[in-house]
Amino acid sequence: MGIVAGLDSSSAFTRIVVCDAETGTVVRQGYAQHPVDPKATDIDPQMWLLSLGEAAAGGLLEGVQAIGVSAQQHGLVALDQQGAPVRPALVGNDRRAQIAAADLVDALGGQQAWADAVGSVPQAALPVAKLRWLARSEPEAAQRVAAVLQPHDWLVWQLLGRPPRRTTDRGAASGTGYWSAATGGYRHDLVELALGHSCELPEVLGPAEAAGTTPEGLLISAGTGETMAAAFGLGVGPGDAVVSLGASGSVTAVHHEALTDPSGMITSYADAGGMHLPVVHISNAVRVLRGTAEMLGAEDLGALSDLAMKSTPGASGLVLLPYLEGERTPRLPHTAGTLSGLRRESMRPEHLARAAFEGMLCSLADAMDVLRARGVQVRRVFLLGAAADLPAVRSAAPGILGAQVVVPQPADYAALGAARQAAWALGASRGALSPSSPPRWQPPALEVLQPGEEAAVGMAVRQQYGATRDQLHPGAFPPVPAAPQAHGGSGYGGTAAGPAGLGLGGILG
């Protein structure tokens, strides 16, 4: 079928990969920083186009027959009647809408009402909360809003020459707070609740549909959000979960149905392939390691990892609950972290370093158990992020997460996912591919880490952690239905070990 391209417009840069449409082999690529401060919350969307043009310079797209677009999620581009932005775009890391999100929860009747309506509970990042903030903080601008798009929607629209028809995909739509992955439809009443009036929303395309074709004949696929594109680029499927290790963290899994969660811990996204992508976020991941490194005077995370490897599983009974900036899972927004199990023998730098790694991984395992408790099968875990290369993470992750862990080689997976979607839309448009079956591209190279004999040790570490967590924050997690867990017991780490520190005795002697 020739060659296709995928571009990923993140919060800081644009990456473009050009791939063989049959195999996914990358034949060339481009990159450019956005000419803006990455921490800015108000962005002129034209800056994304400038970055795109720079990344595509030098004939990068010559001969390309189709292109897919991935972009940062939860941004909001509000347009007036003429299609011009009424103000700079609001991006996902903007926290100004926290109060607006809480107002929306109350206005609809609580978290359960939102979970039933759209599969997620408003958070500051969601476009629905940004609309509420706009209506309350900038009412004159809000009154001029005639249509709303997300960053990937806006980029696709621009590439097509700003046609009357505006589109999105089900993956990006599921992150708005006013589209339901369960029903496949918009809740226009929620837009009115947030903005104060109705406005035009983009048409939601299926996974293999095209948004259109440029006058030059370049097919533009539906596009999607970065999370969905990265999962599609990795080739994850049922039974797979993706653990992302950034400053904060997330656990994402492929599932056959949308999940509703009145606690708000699960966000029910749709994926880029026609299934569903429930996500559980934690507020504290690599920031826990960085804070510990600073406390111990370790020069970097590699040095912290080396120090942790001098300790043993269970960190001599030391347990770190890593809720340093509050926590989303469990919902403890105003709590702080806790260091427990201090004894004379445990007061050593290597044990604190080990406790930081184990605390971070146990918190992610808690997030994974939220999904497992709802029937999501997790047999293989993709571990992403620079911290996935640290020996202290690799040695402990399979046992604590209770699954085979695979570490894919570094690649631009969101851009690759966008390119794979472009190949799918191109093949479907020509009758060469089924709209229900994406192209089978070469899987990424993976390093496989098995729990093996460390499974029992990982279970004991989690029991020690779970006992401490439940003692300090009783009821933080709802009761888990009786179901087989990867570690056995009750899920969320279990408390079968009794008081903190006793769970490792029988395992480690």
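In which sense do β18 and strand β19 (residues 276–282) pair, and over how many bridges? They pair in the antiparallel sense, over five bridges.

This is a predicted model, in which local features need pLDDT of at least 70 and side-chain atom pairs count only at pLDDT 80 or more, while totals for chains, interfaces and linings use all residues. Residues are numbered from 1 along each chain as its sequence is written, and side-chain values use heavy atoms, with hydrogens and water left out.

**View 1. An open sheet of seven strands.** The strand order is β18-β19-β17-β16-β22-β23-β24, with mixed pairing. Strands here are DSSP runs of E with at least two residues, helices are runs of H or I with at least four, and both are numbered from the N terminus; two strands pair if DSSP finds at least two bridges between them. At the edges stand β18 (266–270) and β24 (446–449), each with a single partner strand, so one side of each has no neighbour in the sheet. Look for Ala-270, which sits opposite His-276 in β19.

**View 2. Helix α1 and its two faces.** In α1 (residues 46–55), the buried residues are Met-47, Trp-48, Ser-51, Leu-52 and Ala-55. Buried means under 20% relative accessible area, exposed over 50% and partly exposed in between, with a 1.4 Å probe and protein chains only. Down the helix axis, the buried residues of α1 fall within an arc of 140°, so they line one face; the arc is that of the directions from the axis to the C-beta atoms. Turned away from that side are the exposed Leu-50 and Glu-54.

**View 3. Two aromatic pairs.** Rings of Phe, Tyr and Trp (its six-membered ring) pair if their centres lie within 6.5 Å; planes under 30 degrees apart count as stacked, over 60 as edge-to-face and the rest as tilted. The count comes to four pairs. Phe-13 and Tyr-31 have ring centres 5.5 Å apart and planes at 40°, so this pair is tilted. For Phe-232 and Trp-424 the centres are 5.9 Å apart and the planes at 25°, so that pair is stacked. Phe-232 belongs to helix α9 and Trp-424 to helix α14 (residues 413–429), 192 residues apart. Both Phe-232 and Trp-424 are buried.

**View 4. The largest nonpolar core.** Such a core is a set of buried Ala, Val, Leu, Ile, Met, Phe, Trp, Tyr and Cys residues joined through side-chain atoms within 4.5 Å. Among its 62 residues, Leu-245 and Leu-383 touch the most other members. Helix α12 (residues 349–372) gives the most, with 14 residues.
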